[in-house]
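Please read the following points alongside the coordinates, as they concern the placement of a few side chains and the contacts they make.

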Amino acid sequence: MGPRVPLPPEIQLAQRLAGNEQVTRDRAVKRLRKYIVARTQRAAGGFTHDELLKVWKGLFYCMWMQDKALLQEELGRTISQLIHAFQTTEAQHLFLQTFWQTMNREWTGIDRLRLDKFYMLMRMVLNESLKALKMQGWEERQAERLLELLTTEILHPDSQAPSGVKSHFLEIFLEELSKVGAAELTADQNLKFIEPFCTIAAQTKDSLVLHNITRGVFETIVEQAPFAIEDLMSELEAPEEEEGTSEDEREEDVPSKEPRRGSLHGAAPDTSEEPAGDGEDSVGPVLQFDYEAVASRLFAAASQQDTPSQNRKRLYKVIRKLQDLAEGLFPEDDVPEKACRNLQEDRRERKTKKRLPKSALQNKGKAARRTRVQT
């Protein structure tokens, strides 16, 4: 009988990650991080697709075995932050790809009592993947690659993602992007981040996906518009307020402004979210959008000849809301008066800017454009 061939390191680590003893699993996670750093630092290093699938299977069952909510949260954060141990963007990309493939493969086997911790893990991995993109300066090509990965593995009709994975991803995407990038992403950049959702929403034949994209992305943008406008006006007026304020008074104002804005500059993962508060004012960071640009992009996708009629009908309703926002007409009565007034004044100064043709939004003459009270 010949000598036993040792197992590859990633298989050994995967076995220990899924071990029965927590001490063994904790040590395996630490060893895995060191192994990732050492291997991806070498010029000829890196992992294959199959190797990372084995690693993720071990990590999946490491989370599976973890009891107690606080320990689950700590482990989820440790696992999700492994992305930063990879020394190249290619390796990070493959790590994320194999994570979502693992979730798709294992999802149907997760029992009801374990769902919450895997929902949490998905949220944390998405958050850290956006932070990795932020560390790269939101480089356009890397952002496109991440969006392409997420679309292919989760939203594309040919993906293997179960409905639970798709629904949770669509529920958390805009929220996690806001936490990581609201303080620095521009409206043009944010439009790039939601473009894939425009295409999928227009073409999908899955009514649940259409509903979740419309509700989780586009209607969320509409609902957050008053807060986004209020934040924008506050930022624009900040220099004017500071001119007539003493230095001591400015220092006193800083603590009261930072929590409301939800700035994430240099924030650690466990401090990125604002504490929950009472009432409607406890809103976290929100993204800025050019509502007319969003409406135009969504209209371009929805008006295609091959767009299913039910998709077009649903999306045209959202487009009208976005067009209203572009003209300063908000969906809520309790919009901050100052923000609304400033936006309407700015809109009057740009009267030459064209609006999408209303006629194109009619559905074979069945839906008449609602009348507005001119102010």
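Is Arg-314 buried, partly exposed or exposed? Arg-314 is partly exposed, with a relative accessible area of 24%, and it should be kept in mind that this value, like those below, comes from a predicted model.

1. The salt bridge of Arg-314. The side chain of Arg-314 meets that of Glu-219 in a salt bridge, with an N to O distance of 4.0 Å. This pair links distant parts of the chain, since Arg-314 belongs to helix H13 (residues 309-326) and Glu-219 to helix H10 (residues 207-243), 95 residues apart. Whereas Arg-314 is partly exposed, Glu-219 is buried, its relative accessible area being 16%.

2. Glu-128 forms a salt bridge with Lys-131, in which the closest N and O atoms are 4.0 Å apart. Because Glu-128 and Lys-131 are three residues apart in helix H6 (residues 115-135), about one helical turn separates them. An α-helix has 3.6 residues a turn, so residues three or four places apart point the same way. Glu-128 is buried, with a relative accessible area of 4%, and Lys-131, at 12% relative accessibility, also counts as buried.

3. The salt-bridge total. A search of the whole structure finds 16 salt bridges, including the Arg-314 and Glu-219 pair and the Glu-128 and Lys-131 pair. In general, side chains of opposite charge can pair when their charged atoms come close.

4. Cysteines. The search of the whole structure for disulfides finds zero. Of the cysteines, Cys-62 is buried at a relative accessible area of 1%, and Cys-198 likewise counts as buried, its relative accessibility being 0%.

5. The buried side of helix H1. In helix H1 (residues 9-17), the buried residues are Glu-10, Leu-13, Ala-14 and Leu-17. These residues cover an arc of only 100° around the axis, and they are therefore on the same side of H1. The buried residues of H1 pack against two further elements, namely helix H2 (22-41) and helix H3 (49-65).

Definitions and conventions
Residues are numbered from 1 along each chain as its sequence is written. This is a predicted model: local features need pLDDT of at least 70, side-chain atom pairs count only at pLDDT 80 or more; totals for chains, interfaces and linings use all residues. Side-chain values use heavy atoms; hydrogens and water are left out. Buried means under 20% relative accessible area, exposed over 50%, partly exposed in between (1.4 Å probe, protein chains only). Helices (H or I, at least four residues) and strands (E, at least two) are DSSP runs, numbered from the N terminus. The arc is that of the directions from the helix axis to the C-beta atoms. Contact means heavy atoms within 4.5 Å. A disulfide is a pair of cysteine sulfur atoms within 2.5 Å.
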